[in-house]
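This report looks at aromatic rings in a protein chain. Please view the sequence and the structure first.

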Amino acid sequence: MDVDVLIVGAGPTGLVLGIDLARRGVDALVVERADGLFPGSRGKGIQPRTMEVFDDLGVLEAIRAAGGSYPVGMIWQDGRRVGEHRMFDPAEATEDSPYTEPWMVPQWRTQQILLARLEELGGKVAFGREVVGVEQDEDDEDGVTARFVAGEPVRARYLVAADGGRSVVRRSLSIAMTGETVDPSPMLVADVRIAGLDRDNWHVFPPGGEAGGFLAICPLAGTEDFQVVAQFPEGTVVDVSLGSIREVVAARSHLAPEDVTQVRWASDFRPRAALADRFRAGRVFLAGDAAHVHSPAGGQGLNTSVQDAYNLGWKLGAVLRDGAEAALLDTYEEERRRVAADMLGLSTSVHRGETRRGEATRQLGLGYRESSLSEETRPAPGPIRAGDRAPDGTVNGVRLFDAFRGPHWTLLGAAVPVPGVRALPAAPESYGPGVFLVRPDGYVGWAGDTASGLTEYAARFGQSSPSRRVSTESPRLTPTDSGTGTV
């Protein structure tokens, strides 16, 4: 094999998966058909649950520095400000949920940060490598081969298609997508430079008269750019040239055509929702837009995609490095396809104005209680159960998100010396009574009144292998500690 895992696509999904595998010591390669990273702002909203993922992956500080909070919406009519509009329901940060509101970072900047982290960990992206097809070994026992427009093919034990909504990999495997048109009206999205417009508000110009559909102009945090989004009547062929964008902005707002001084990136699309019929075919997995396509409303697409990668990364690592049974990989589709379907429904509902951007869009309530990996052994479970997201908190002066950070499992409420597991002797009161084993992706995998049965559960994932040593050298965890042991 040339690599353990070949990742097709260097968007947020592929880069996050590359980071997660690199820190687990898995030999992975990311290939991207373009000559560089995606240049636009399209997926600009980082939801609170993804902020927690980025905390674990070591990029949160850079993400926060690169972006900012969403501005208040300002509604305009006839060149006058007529009212404010809150884009998101407010939420207060708490000890168990420190990130409660979406953070705005243009997608191109998020990808730059993720690429830098991948390279820091020794990973790499091969640009200009366009996949034209994949072939799996007939017996499905060995691996998969990817072929390219130019250059030698690559052999891998597993391949992950993160190559977007028009995935070449998905089509080569004849995996269908089932979906619907969310809105027949075509849309324009563009990153532009605009003079004469303040950056304190997300400017909204409702539709009216002969001007056509709505226009929204949002200042992109951390940049000098604005994101322009415009809707057009059904059947319109959207022109993404500078001249056309100037005409649209001038016709629907108080701005003059020459106020739009530059177009840095532009694209057109039609909002749709679609879900792949399968997320796995043999040794090939679908992730991100290759598996599910969302309306951009509510900011669920990029975030759901990142969490696909986060779910799959630790499972590939467990199979390839820790000796877990390959059947563990079946749970990727089991867990993520249901979540993706729910998020597709949410995105569509937000787009149609049926649901506000609030608690559900933050994705903190997502979990896997029905998963075959979730074992709840307590007769009377408390507020946190197996399958739930493991909230933040403090135990003996140690912040849980600091304890969780790294490619390991974490045990709360007992000091059982399980190899490969970091243990804290207690759990926060907010969890309720019990012993909790937290998966590498921050969800409770096992919960019990005592630690009885814990070792057998952990053995399913290679955590009882003699080669996995427990470090007990440091009596207190620090945020940069990546070892295992008892804190």
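## Phe88 and Tyr70

The model is predicted. In it, Phe88 has a relative accessibility of 18%, so Phe88 counts as buried, the cut-off being under 20%. Tyr70 is also buried, with a relative accessible area of 16%.

Tyr70 and Phe88 form an aromatic pair, with 4.8 Å centre to centre and 75° between the planes, which is edge-to-face. Tyr70 lies in the loop between strand S4 (68–69) and strand S5 (72–77), while Phe88 lies in the loop between strand S6 (80–85) and strand S7 (103–104), so the pair ties together parts that are 18 residues apart in sequence.

## Phe38 and Trp265

A search of the whole structure finds 15 aromatic pairs. In one of them, the ring centres of Phe38 and Trp265 are 5.3 Å apart and the planes are at 75°, so this pair is edge-to-face. The pair links distant parts of the chain, 227 residues apart: Phe38 is in the loop between strand S2 (28–32) and strand S3 (45–46), and Trp265 is in strand S17 (residues 260–269). Trp265 has a relative accessible area of 11%, so Trp265 is buried.

## A cluster and two arginines

One aromatic cluster is formed by Tyr158, Phe279, Phe285 and Tyr332. Arg283 lies over the face of Tyr158, at 4.8 Å from the ring centre. Arg199 lies over the face of Phe226, at 4.8 Å from the ring centre.

## Confidence

The protein chain has a mean pLDDT of 92, and 94% of its residues reach 70 or more. Over residues 465–484 pLDDT stays under 50, and the model has 39 contacts beyond four places in sequence for these residues.

Key: Residues are numbered from 1 along each chain as its sequence is written. This is a predicted model: local features need pLDDT of at least 70, side-chain atom pairs count only at pLDDT 80 or more; totals for chains, interfaces and linings use all residues. Side-chain values use heavy atoms; hydrogens and water are left out. pLDDT is the predictor's confidence in each residue, from 0 to 100. Contact means heavy atoms within 4.5 Å. Rings of Phe, Tyr and Trp (its six-membered ring) pair if their centres lie within 6.5 Å; planes under 30 degrees apart count as stacked, over 60 as edge-to-face and the rest as tilted. Helices (H or I, at least four residues) and strands (E, at least two) are DSSP runs, numbered from the N terminus. Buried means under 20% relative accessible area, exposed over 50%, partly exposed in between (1.4 Å probe, protein chains only). A charge sits over a ring if NZ of Lys or CZ of Arg is within 6 Å of the ring centre and within 35 degrees of the ring normal.
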